[in-house]
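These are my notebook entries on a structure that I looked through one topic at a time. I wrote down what I looked up and what I found, in the order in which I went.

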Amino acid sequence: MPLDFLKRRGNQDDEAAPAATPPASSVLPEEIVAQEYQLKLYFAGKSSEGVRMKAGPSAMNELPSMLVGLAKSEIEVVEPLPIEYSEATPTIVRPSEAMQWLNAHHVHSPITRHALVVLESIDAIDLAFDTFVCSMLDGETDTSGYPEYNAIVGGVASHWDEATGDMICRAVVGWGGRGVRGDTDRIGAKLLAGILTNVLANQYAMGLTAVERPMPAAGRGGLVCAHCGFASAHERAFYCPKCGMRLLRG
Ligand SMILES: [Zn+2]
């Protein structure tokens with residue numbers, strides 16, 4: 001890069017001088033010239049009320065069908081994370097957490113990984129206890145297959161209610177990246193309603209309910225499910241995040 005910006009103003013003689021002879025002064029000029037750098041990332045999303053479902057593994061198998069008619073790509077199921085991924089976070093400057101996250105999610109499609117980055121970053125889903133069924137819902141991908149900033153991704157997140165053991169499903173959508181567009185929020189709201197309609201139309205749906213995330217229960221960490229062998233990453237889990245059966249004290 002040329003050193004023109006280091007030149008003192010008004011010293012026109014320097015114009016002819018070669019760049020190899022910069023001014024020798026080390027005095028701080030009255031006005032320093034700074035080049036500005038900036039990146040604004042914008043992530044946003046929406047989550048609906050919950051829908052209580054009749055418990056049971058059959059209800060779990062219904063999740064992908066709730067995106068039929070709305071999905072614009074393959075429907076992928078992301079299961080709750082086991083204990084070895086309990087610190088997985090999509091934050092590259094924290095290598096241990098980032099490695100866990102990559103190890104847990106490198107198998108998924110670019111669309112699902114993008115959805116997880118957006119929705120985990122804004123805390124709309126928590127894979128410690130959520131099962132997440134995901135697809136592209138609106139917009140385009142780039143040439144590498146990753147959704148554009150205004151594309152909308154999402155689907156259904158489900159977890160097991162700590163009080164009753166019922167499965168609670170909610171619609172979740174998200175979008176974002178290096179930019180924002182005015183109509184994305186409106187399209188996102190419409191898609192959220194569409195997914196919620198599908199969830200409510202499911203044969204196991206029992207109606208709307210408030211979503212309460214699983215709360216801490218001291219001393220229950222590290223339990224292994226006696227039914228399916230899943231070791232939960234969620235230290236508070238009362239019900240197995242994977243199969244929904246009640247966890248027993250070892
Ligand atoms: Zn289990």
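**Entry 1: the chain as a whole**

How many helices and how many strands are there in the protein chain? I counted four helices and six strands, and I kept in mind from the start that this is a predicted model. Reading from the N terminus on, I wrote down the order of the elements as β-α-β-α-α-β-β-β-α-β.

I then looked up burial, and found that buried residues make up 40% of the 250 residues in the protein chain. For contacts I considered pairs of residues at least 6 apart in sequence, and among these contacts 66% join residues at least 24 apart.

**Entry 2: E76, a charged residue on the inside**

When I left aside the neighbours within four places in sequence, I noted contacts of E76 with V107, H108, S109, T112, F132, V133 and C134.

**Entry 3: the salt bridges**

How many salt bridges does the structure hold? The structure holds six, and I looked at several of them in turn.

In one of them the side chains of K242 and E79 meet, with 3.2 Å from N to O. K242 lies in the segment after strand 6 (205-209) and E79 in the loop between strand 2 and helix 2, so this pair ties together parts that are 163 residues apart in sequence. K242 counts as partly exposed because its relative accessibility is 33%, and E79 is partly exposed as well, with a relative accessible area of 41%.

R170 and D130 also meet through their side chains in a salt bridge, at 3.0 Å from N to O. This pair links distant parts of the chain, with R170 in strand 5 and D130 in the loop between helix 3 and strand 3 (131-138), 40 residues apart. Are R170 and D130 buried or exposed? R170 has a relative accessible area of 4% and is therefore buried, and D130, with a relative accessible area of 0%, is buried too.

A further salt bridge joins the side chains of R181 and D183, at 3.1 Å from N to O. R181 is partly exposed at 41% relative accessibility, and D183 is partly exposed with a relative accessible area of 25%. I also noted that R52, D161 and D166 are linked in a network of salt bridges.

**Entry 4: the second largest pocket**

I looked up the second largest pocket and found that about 440 Å³ of space lies in it. Its lining has 19 residues, and those closest to the centre of the pocket are F43, P90, W101, R113 and V117. Helix 2 (95-105), helix 3 (110-121) and strand 5 (167-177) are the elements that give two or more residues to this lining. Which element gives the most to the lining? Helix 3 does, with four residues.

L191 is a residue of helix 4, residues 184-201, and because its relative accessibility is 12%, L191 counts as buried. Leaving aside neighbours within four places in sequence, I listed L70, L137, D138, I152 and V173 as the contacts of L191. I also compared L191 with V153, which is 38 residues away in sequence, and read a C-alpha to C-alpha distance of 9.6 Å.

Last, I checked D123, which lies in the loop between helix 3 and strand 3. Its phi is near 65°, a positive value in a residue other than glycine, and D123 is partly exposed, with a relative accessible area of 48%.

Methods. Residues numbered from 1 in each chain as written. Predicted model: local features only at pLDDT ≥ 70, side-chain atom pairs only at ≥ 80, totals over all residues. Heavy atoms only, no water. Contact = heavy atoms within 4.5 Å. 1 Å grid on protein atoms, 1.4 Å probe; cavity = no way out; pocket = protein on both sides within 12 Å on 5 of 7 lines; lining within 4 Å. Points joined across faces, edges and corners; volume = space filled by probe spheres on them. Buried < 20%, exposed > 50% of the residue type's maximum accessible area, 1.4 Å probe, protein only. Salt bridge = Lys/Arg side-chain N within 4 Å of Asp/Glu carboxyl O.
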